[in-house]
Amino acid sequence: MFQTRARAALADKGDQDMTSILEGKNLVTKFHTVDGVVNAVNDVSFSLEDGETLAIVGESGSGKSVSMMSIMGLLPSPPAKVESGQALFNSKDGIVDLIKLPYETMSDIRGGQIGFVFQDPGTSLNPILTIGKQISETLTRHLGISGREAKDKAVSLLAEVGIPDPTLRYDAFPFQLSGGMRQRAMIAIAVACTPRIVIAAEPTTALDVTIQAQIVSLFKQLRAKMGVSTIWITHDLGLVAGLADRVLVMYAGQILETAPVDELYENPKHPYTVGLLGALPRLDTQESKRLVSIDGTPPDSTIPIHHCPFAWRCTHAFERCWNEKPALASVGEKHTVACFYAVEKG
Amino acid sequence: MANKSITHGADSRLEIEVTFKDRLAYLGRLLWRDRTGILGILIFITVVIAALFAELLTPYQPLDQDLHASKMPPMWEEGGSPEHPLGTDNLGRDMMARIIYGARVSLGVSFFGAIIAAAIGVFLGAVAAYVGGRWDEIIMAPVNLVLSLPYLLFVVFIASVLGSSLLNVILIFGVTNSPIFARVTRGEVLKIRESAYVESAISAGASWWRVLLFLVMPNLVGPLVTLISFQISAMIFYEAGLGFIGLSVPPTVPSWGNMLAEGRRYIANYPWLTTMPGLAIMYTSLGMNLLGDWLRDVSDPRTRRSGR
């Protein structure tokens, strides 16, 4: 029964070819709350290439996590609702639209073909189950292997994510591990079934800086070894520089700029991106300058915006910015920006 | 060691094999470390043995009257005799026999009462939390209503309407205590369901029944074990209380509450008629509380392995 429904979702996408592994198209997600309708994701389109690491940056509430959770069907509904859009995923059984998949097929994909790593490893593991058990559970669930095989595989996964004494740690409960170790265990669960994509939602935010660096290098290792595509959601631009291939800047539920990582840092186009980079402390410049902050606050997301969402805070805003919503326009190779100023006057 | 642990595959399999015997030994070590837990279990076992093997433990029947030997003090007091170690009551019935047989009523009522209460309450609470919405309101409204009534008054009212029998008392305790279980279960399930580890389990492909079975249920065990053990010891008290005002089991059935009620008239001259059942009640509920504490600690890995 699942299969026929999956096939229905499969047929839905038409016969288009897909070079990328994941493609979000015109995603709109809203939260219907007591205080009104929150426009969390407003017409977001993006693509993830095979083997690529894509970083989605933006401040809290910019919709970076919600857009990924929408794709994965992880938002509680109600209040959340994916109003429109597609998320085409180049799965093992062909291209499927994740938004339309029935729950059962979706949970086969979650953990099996798309792994997820969450922000806080302290609360993201079941407190009363050993970490080994939690890993082998995922393995038996998706790969259908026996408990004994799963146990062996789990031990080798623990070794792979750099947990010392994996045979001993297999029987450890989450509270017996440090934050960094727990996050490694979370990563082991996410990559257990060799997924095509790993989505990491601020996986280093709850960790201190040295552990952050270790987790980042672990991700790089795993990417090199498994060739997995990664979406890294973060607000830490410094971290992105050393990790991502391409960056996507989000603001007020919209994408303002996408560019390859070096291009973005050398040649930021959108005034918001420029502002973000200006607010970043740097060690590689001689003179010491005050960090620049962007004046103002993000707009109230319960009010629909029909012009540039950054216009209120933008020093370059001119008449057109207040009348129309800018669409992403190409300004270089793989570099797009949604800004009239950058395209017309920059 | 370090070298060994990096190897995985066939070798490590032997290393991490845990047999049933190991688990039993582990449980034994846990128990040995928690001395009050041992005390709780010992008390619990003695009461259970008394309830199960009452016939073998005393030569007397609890209702055998011997008016020639009435109001005999316990054997360690003047006028006592080893034939009636705890003395006799106003009708010459052996106190020891009555207390041993009384364990049946106390334990039966509190255990089956608690099991029924937990079964009803956990089911209702879990449905309310899991289904939510309208069902949440439909289930929780009467639950909150019952919880807002003064408990003993409510129980006394129902007991006096239904009349006294062992089955009635068990059912009354089962039904009237179920709202507490429903409340606790609903709260815990809501908390667990919203937790990050459930979210991450779903993101790893767990289905709703897997979440219920492997995440919600196991995390419920700790709080429920605590609640059940405290409810059992509370029900021992309430049964005695009901017996004291004559609304528990019929007077022909020996129960600690009934004994208290009968002994009350003679409390000034023959204090052992009330002291003995009183001590039995205290002993049993102390044991249940200690046992509950230990079970709670053992059911939660965080308290299980810490040094306390």
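## Sheet, helix and chain contact in a predicted model

In chain A, A:Thr258 stands opposite A:Thr336 of strand E12(A). Strand E10 (residues 254–260) and strand E12 (residues 335–337) of chain A run antiparallel and are joined by 2 bridges. Strands (E, at least two residues) and helices (H or I, at least four) are DSSP runs, numbered from the N terminus.

This is a predicted model: local features need pLDDT of at least 70, side-chain atom pairs count only at pLDDT 80 or more, and totals for chains, interfaces and linings use all residues. Residues are numbered from 1 along each chain as its sequence is written, while chains are lettered from A and ligands numbered from 1 in the order in which they are written.

**The sheet.** E10(A) and E12(A) belong to an open sheet of 8 strands in chain A, with mixed pairing and the order E6-E7-E8-E3-E9-E10-E12-E11. Strands E6 (114–117) and E11 (329–332) of chain A are the edges, each pairing on one side only. Two strands pair if DSSP finds at least two bridges between them. The twist averages 20° from one strand to the next.

**The helix on the sheet.** H2(A) packs on the sheet, and its direction makes about 140° with that of E8(A). Axes are lines fitted to C-alpha atoms, for helices over the stretch in contact; angles run from 0 to 180 degrees between N-to-C directions. Contact means C-beta atoms, placed from the backbone, within 7 Å.

| Strand of chain A | Residues |
|---|---|
| E3 | 53–57 |
| E7 | 197–201 |
| E8 | 229–234 |
| E9 | 246–251 |

Buried means 20 or more other C-beta atoms within 10 Å of the residue's own, with C-beta atoms placed from the backbone. Among the buried residues are A:Lys64, A:Met68 and A:Ile71. A:Gly73 follows H2(A), with a positive phi near 65°.

**The core.** The largest nonpolar core has 162 residues; A:Ala55, A:Ala188 and A:Leu256 touch the most other members. Such a core is a set of buried Ala, Val, Leu, Ile, Met, Phe, Trp, Tyr and Cys residues joined through C-beta atoms within 7 Å. Helix H6 (residues 95–131) of chain B gives the most to this core, 18 residues. Beyond four places in sequence, the contacts of A:Leu256 include A:Val249, A:Tyr272, A:Phe310 and A:Val337.

**Between the chains.** The contact takes 35 residues from chain A and 27 residues from chain B. H10(B) supplies the largest share of the chain B side, 7 residues.

Notes
Buried ≥ 20, exposed ≤ 12 C-beta atoms within 10 Å, placed from the backbone. Contact = placed C-beta atoms within 7 Å.
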